Amino acid sequence: MKSKYIIKIKDIDNVAVAIHDLETGTEVLPGFKLLDDIPQAHKIALTDIPADGEVIRYGVVLGYAKTDIRRGQWINEHMLNLPKSPSVENLEYGTNLVPMEDLPLPGRTTWMGYRNQTGPAATRNLLGIVTTVQCAAGVLKVAVEQIKKELLPKYPNVDGVIAVTHPYGCGVAINAPMAKIPIRAITNVIRHPNFGGEIMVVGLGCEKLTYDRVLPAEDITPENVLTLQDYAGHDAMMNAIMEMAEKKLEKLNQRQREELPLSELLIGMQCGGSDAFSGITANPSAGYAADMLVRGGATVMFSEVTEVRDGVLMLAARCVDEKVRDRLAEEMKWYDDYLESGGVDRDANPTPGNKKGGLANIVEKAMGSIAKSGTSPIVEVLSPAEKPTKRGLIYAATPASDIVCGPSQVASGIGLQVFMTGRGTPYGLDISPVIKVCSRNEMKDHWFDMIDISAGNVATGEATIADVGTEIFNMILDVASGIKESYSDQYGFHNDMCIFNPAPIT
Ligand code: CA
């Protein structure tokens, strides 16, 4: 149900959200006047709700009223008690498997990418130089500036040079069980599809993360790895890095884009700075694009454990078999324990910005977040930074933190990320392009030259989810093919490689 003023999603919902800022006394439906001023995207009670009564949006109980709420009142985040999260024991699976032929048919079936010997194709042709320890980061960053200035212009088919620096590598409990997560992230990022199989790793020489932890023996050669402590001072060090980089650039320069099927594409989905519109405009539109990609044979990854935890029953229903269901339950359980060991639970997730944007709690945020996965069956569940082994829709269990989810999905090999936002963020990744989609037209008007696509017209009724979803799908293929550049790449707005490390630091 939708009027000029409010949107209600499911028939059983007893709240709707305000399309714009609304004043007390506004008649939002015939004979129904507001009792409070309602900020844009915030919730309005459509019925009287008694204390302890259910507050329902998306057909789901978001929480229980702390006190009596009257019809027409504003419902903000202080007025709800959080429900318990659903159990992950004996989840019913495979009960909502949408057949492939019911997914929207993509209008384009190919794109232009750089083919790799194994794994997905590349969306960019990059020289990636990866450190084994943060101690080497300063040297590498200076060297990369020199490479860009002196060498890169000679190799026009190479799109860029990236210093992959991260906080891991030394001063860490390297044998702690959970150290496998950051080590896997670094191992897999060395082999990122956009680096074209050219390995270049720079270490210091005394760190705990030795080369053999991130490379197979046959790849640990003087052509691929360089140890700073082996060189006599600044000039020798820089010369060695420049020399190795030039050999890699020569090889990368021979790569050419070619027409490829969508099955060669691996796309990530993430959201951040969400508001109450994210779940009705930007995320469902991205979900529609995800369905088109999956129908066309591509692989789409979505993540963010705390933002799907309350929707685990919906996800389990979409798991193709018992094994995938079990992996989903295992990852949810691990994250519950991880949060508990830190003395918090999933509701530590929403930010002040989310709440200002009308999201009362994590249940409401999760229902909106899940929409970006579309409707297709989940074929595989991954631990953070693992690479997919299947094609189709993949759930990779990463933190929801934008700056940690991004690098985790990059380590899993995404060639591009679609990022939905309500409040606005300049977020970007240097290894994989990021397309930003906002949930409201006001956001697009405000950051007209930083947000790539607005899904706001879905809220105003000027566009459908299919319209915006198709626009997102087309932009994914154009950016992946190198035909278009997203704003974050145009400006070089790129976040750091904040890899997930749940293991102790010493
Ligand atoms: Ca996020």
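Predicted model: local features only at pLDDT ≥ 70, side-chain atom pairs only at ≥ 80, totals over all residues.
Trainee: Which residue of E17 stands opposite Gly 268?

Mentor: Strand E16 covers residues 266-272 and strand E17 covers residues 299-302. The two run parallel and are joined by three bridges. In E17, the residue opposite Gly 268 is Met 301.

Trainee: In what order do the seven strands of the open sheet stand?

Mentor: The pairing in this open sheet is parallel. E16 and E17, for instance, are joined by three bridges. The order of the seven strands is E18-E19-E17-E16-E20-E21-E22.

Trainee: Which strands stand at the edges, each with a single partner strand?

Mentor: A strand with a single partner has one side left without a neighbour in the sheet. The two strands in this position comprise residues 378-382 and residues 453-454. They are E18 and E22.

Trainee: How many residues of E18 are buried?

Mentor: E18 pairs with E19 in the parallel sense over four bridges, and the bridge partner of Leu 382 in E19 is Ala 396. E18 is mostly covered. Of its five residues, the number buried is five.

Trainee: Which residues of E21 are buried on the side that holds Ile 435?

Mentor: In a regular strand, side chains alternate between the two faces of the sheet. Strand E21 spans residues 434-438, and five of its five residues are buried. One side carries Val 434, Lys 436 and Cys 438.

Trainee: What is the bridge partner of Val 437 in E22?

Mentor: E21 has a parallel neighbour in E20, to which five bridges join it, and there Met 420 stands opposite Val 437. E21 is also joined to E22, again in parallel, by two bridges. In E22, the bridge partner of Val 437 is Ile 453.

Trainee: At about what angle to E16 does helix H9 run?

Mentor: Helix H9 consists of residues 402-411 and lies across E16, E17, E19 and E20. These strands, together with helix H2 (180-190), are included in what covers the buried residues of H9. The angle between H9 and E16 is about 175°.

Trainee: How many of the ten residues of H9 are buried?

Mentor: Among the buried residues of H9 are Val 404, Cys 405, Pro 407 and Val 410. After the helix comes Gly 413, whose phi is positive, near 105°. H9 is mostly covered, and of its ten residues the number buried is eight.

Trainee: How are H1 and H3 oriented to each other?

Mentor: Helix H1 (residues 137-150) and helix H3 (residues 233-252) pack with their axes 10 Å apart, at an angle of about 55°. Residues of H1 including Val 139 and Ala 143 meet residues of H3, among them Met 237 and Ile 241. The contact has eight nonpolar, one polar and no charged residues. H1 and H3 are therefore oblique.

Trainee: How many nonpolar residues does the contact of H4 with H12 have?

Mentor: Helix H4 (residues 282-295) packs against helix H12 (residues 465-480) at about 60°, with axes 7 Å apart, and passes H12 in a right-handed crossing. H4 contributes residues including Tyr 288 and Met 292, while those of H12 include Ile 472 and Phe 473. Two residues of this contact are polar and none is charged. The number of nonpolar residues is twelve.

Technical notes
Residues numbered from 1 in each chain as written. Pairing = 2+ DSSP bridges. Contact = placed C-beta atoms within 7 Å. Axes fitted to C-alpha atoms, helices over the stretch in contact; angles between N-to-C directions. Parallel < 35°, antiparallel > 145°, perpendicular 65-115°, else oblique. Nonpolar A, V, L, I, M, F, W, Y, C, P; charged D, E, K, R; others polar. Buried ≥ 20, exposed ≤ 12 C-beta atoms within 10 Å, placed from the backbone. Left-handed = near helix turned anticlockwise from the far one by under 90°.
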